[in-house]
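The sequence and structure come first, and my entries follow.

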Amino acid sequence: FPFPYTPYLIQERFMAALYGALEAGRVGIFESPTGTGKSLSLICGALSWLRDFEEKKQQEEARLLALEDSGQEGKKRLTSAEPGRPDSEDAAGEPDWVTAFVQKKEERDMVDRLKEEQIRRKKREDRLEKIRHNVQLKYAAKRKRSEEDETKRLLQLSKEVLSEGADVLEQLDHNEEELILAEYESDEEKKMVSGLEEDDDDLEEEHVTKIYYCSRTHSQLSQFVREVQKSPFGKDTRLVSLGSRQNLCVNEEVLRLGTLQLINDRCMEMQKNKHERKSDEEMEGKKRRVSRTVCPFYSYEQMQFLCDEVLVEVKDIEQLVALGRETKACPYYGSRYAIPAAQLVVLPYQMLLHEPTRSAAGIKLKDQIVIIDEAHNLIDTITCIHSAEVSGSQLCCAHSQLLQYMERYRKRLKAKNLMYIKQILYLLEQFVAMLGGNVNQNPSCQAVSQPGTVLKSINDFLFQSQIDNINLFKVQRYCEKSLISRKLFGFVERYGSPATAVKTNKENQKLAGLQNFLLTLQQGSDKEGDPPVEAENDQLRTASPLMQIEGFLSALTNANQDGRVILNRQGTVGQSSLKFLLLNPAVHFAKVVEECRAVIIAGGTMQPVADFREQLLSCAGVDPARVVEFSCGHVIPPENILPIILCSGPSNQQLEFTYQTRDLPQMMDETGRILCNLCNVVPGGVVCFFPSYEYEKQVYAHWEKTGLLTRLATKKRIFQEPKKANQVEQVLVEYAKCIKRCSQAGGQMTGALLLSVVGGKMSEGINFSDDLGRCVIMVGMPYPNIKSPELQEKMTWLDKTMPRAAGQAPSRVLIENLCMKAVNQSIGRAIRHRKDFASILLLDHRYARPAIFNKLPQWIRERTQVKAAFGSAFAELRKVRTCIYLM
């Protein structure tokens, strides 16, 4: 395998296993710890396979074309027929001459297709080669665009001068018309009117065999692209980066809308305006109307130029956006034009896992390769993408807005629009009624008569809410095609929010928080430190609640057995909510594994992998023989890590942090004693993970009361993980500065202690490398809240649908797996490169149980020691330079 340096042995094994999985068309679960060069191994292994595959394909094409040209294939077919039996029949009852004719036609068609493909490929390669080496061609294209822009500007100026005397009322009338829905036709009606529709597939460029590489966030994708640039494949690979409009849009007017849904709707509306403006201007005998707003960056010629530039040289998202601004071309659509010819497509995995988004982006998975990196949370991600929640306030607000919109434009709306609007209004009324409220009253003033949480199947919910007679598929399609949420938002912006929809600031903030959470899921943004996008300060820019409700309507179209509807009635109708919970994520993953040639699920910590095999792959119908697992060790020497399971503390108190015992004063005291001992011998940074924010707060308060916190502070400065995302960066900077200062100054203070939370802001994506994490401490076992209605429903569903594994109920396995996934993510924060060193201590005797112990990552499990007493564990820790504790 080509590699930028001499690879580690585990990297060679990783690439060989990856190559084999791609060649055999497998579904692979690949684990390679952080710091072992996983990204480079994926790049070099996968692109080596793609290079060899393309060479074999071209050789096979050349062979077939040579056979056709020489006529050998035709002769072979003729001589294969039995002499003297011209009318002989095959097994299907067809005469031989018919079979031969059909085969001959298929061969001719295949050869014709190969010839066309070769011509297209040659044209594309020639064009890209010209752009790559002909600098004058680039400047000529830029000069032509500048001239075109200047011409357009002058034309626009002349139009504005001519239209200066236009009637003001006409302008107002036009502005009003922008809010009115266009006449709506369903897809079936369009086909009936137009007869034969034009086949878009014939106009599209054929997709070459490619690799779709997905990761969780845009920063991870940019990092991956930079690795590609540094690799031996950086110069010759046709790579395109995809992202959301929010990340790729270069139109400042659209970006100012803030929320992803509004940006999407505004962009689509501007495209629609571009097509409609032409027909408006062509109308004769009528007054010329004020031109509709169109996007200046949405130009086919400009975007085609950008597409070629992207394919010529590997670019990450930041470089793509800069190129879009320079060329005045839309990077969002320009990058899509590059998909068919690209060999490597880099995108957030939310975009690939959500079928409507995948389809809209022009992603075709048939016979392609998909690599999903950072996939440890893949099941949760699919569940979140396809789940949805709406509050009573949102439902009442949307109903009030939509009702006023309909009343204002009733006489100007076509019958089809009125019909669908009335259906949506009815749905909203029934949803609020299910929460025990009335849409005509203020939701904040309606107290819920029977508070509590109720779970229902989809069919039961539809039946009990009396909406089972409405075709939700058609309503969902209407919302998507008519852009009604965008029109409604414009209406509310202009005329203000209805009185019945007034909410308190606190409720607005909750709504803004939910929208920002959904936004991070959609775009895969990792900017967790950023404050909400003007959501709290500028309520007018908050998306219409109808946008959230559309997601809930879409979720209700899932199969009855695959999800549940949760009715959460709390306090008032406004505070209550309806939530759709997806139980079977495999139903949305099935199409990916069915269509693709091979799928690779990769991550630094994939243990325990049983969830992937059973909940995802088995339920998606993947043959167990097609699944392959690969896990490699770490590149660090064995002596650089010391994992210890500690069963009791310094005063021989058994360590068992169950819900019943962890609140006991003696258990919190014992935890404090362990930390005091560790801080005396461990240099640099110590990171201590607690199961929850509440428990961390409780322990901190207890230590403060007993004076133990003061004793700790003599050796380490104490930091706490903040709950607010925008404060995380500041805490980490201060933590790092303190450690550096102490290491340089010497003295009594030896570093810093960071009290963190499993599943919090610092348990994933944060690197505690070198002195930042010489010791990682895990307090207890972070089991999920078993009283959660969502988790209970998931457990019930698993017990009904999954077989028992090794005598354990599937629900019990789920709880253990969720716990150990969280543990494995947290303890992997410290070892980040070959020369790093740290120790791991699990402070709970339950970690020694075989069922739990075997779910630790193999490279940690192999080196773990079980210590019954604190004395022997402390002696081991004093021998090494560092320690990581899991409590």
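Which residue of strand 15 stands opposite Cys-688? I looked it up and found Leu-755 in that place.

**Entry 1: ground rules.** I noted that this is a predicted model, in which local features need pLDDT of at least 70 and side-chain atom pairs count only at pLDDT 80 or more, while totals for chains, interfaces and linings use all residues. Residues are numbered from 1 along each chain as its sequence is written, and side-chain values use heavy atoms, with hydrogens and water left out.

**Entry 2: the whole chain.** I counted 36 helices and 18 strands in the chain, where helices (H or I, at least four residues) and strands (E, at least two) are DSSP runs numbered from the N terminus. Of its 887 residues, 51% count as buried, a word that I use for under 20% relative accessible area, with exposed meaning over 50% and partly exposed in between (1.4 Å probe, protein chains only). I also looked at contacts (heavy atoms within 4.5 Å): among those between residues at least 6 apart in sequence, 82% join residues at least 24 apart.

**Entry 3: the sheet that holds strand 15.** I went back to the strands of my opening question and found that strand 13 (residues 684–690) and strand 15 (residues 751–757) run parallel and are joined by 7 bridges; two strands pair if DSSP finds at least two bridges between them. They belong to an open sheet of 7 strands with parallel pairing, in the order 14-15-13-16-17-12-18. At its edges I found strand 14 (716–720) and strand 18 (865–867), each of which pairs on one side only, and the twist from one strand to the next averages 20°. Helix 33 (residues 810–827) lies across strand 13, strand 16 (775–778) and strand 17 (838–843), and runs at about 160° to strand 16; axes here are lines fitted to C-alpha atoms, for helices over the stretch in contact, and angles run from 0 to 180 degrees between N-to-C directions.

Entry 4: I then traced an open sheet of 7 strands in the order 3-4-2-5-10-1-11, with parallel pairing. Strand 3 (239–241) and strand 11 (627–631) stand at the edges with a single partner strand each, so one side of each has no neighbour in the sheet. On average, neighbouring strands of this sheet are turned by 15° against each other, direction ignored. Helix 9 (residues 218–230) packs on the sheet and touches strand 2, strand 3 and strand 4 (344–348), its direction making about 160° with that of strand 4.

**Entry 5: strand 5 up close.** Which way do the residues of strand 5 (residues 369–372) point? I found Ile-369 and Ile-371 pointing one way and Val-370 and Ile-372 the other way, and all are buried. Strand 5 pairs in the parallel sense with strand 2 (residues 211–215) over 4 bridges, and Val-370 is the bridge partner of Tyr-212. Strand 5 also pairs in the parallel sense with strand 10 (residues 598–603) over 4 bridges, and there Ile-369 stands opposite Ala-598.

**Entry 6: the nonpolar cores.** I used the term for a set of buried Ala, Val, Leu, Ile, Met, Phe, Trp, Tyr and Cys residues joined through side-chain atoms within 4.5 Å. The largest core has 121 residues, of which Leu-378, Ile-421, Phe-431, Phe-461, Phe-552 and Phe-589 touch the most other members. Helix 20 (residues 415–434) gives the most to this core, with 10 residues. Leaving aside neighbours within four places in sequence, I listed the contacts of Phe-589, among them Ile-372, Leu-378 and Val-599. A second, separate core of 47 residues includes Leu-581, Ile-636, Ile-827 and Tyr-847.

Entry 7: I saw that the axes of helix 28 (residues 665–681) and helix 29 (residues 693–706) come within 10 Å and cross at roughly 80°. The two are therefore roughly perpendicular to each other, since angles under 35 degrees count as roughly parallel, over 145 as roughly antiparallel, 65 to 115 as roughly perpendicular and the rest as oblique. Residues making the contact include Met-668 and Leu-675 of helix 28 and Tyr-695 and Trp-703 of helix 29.
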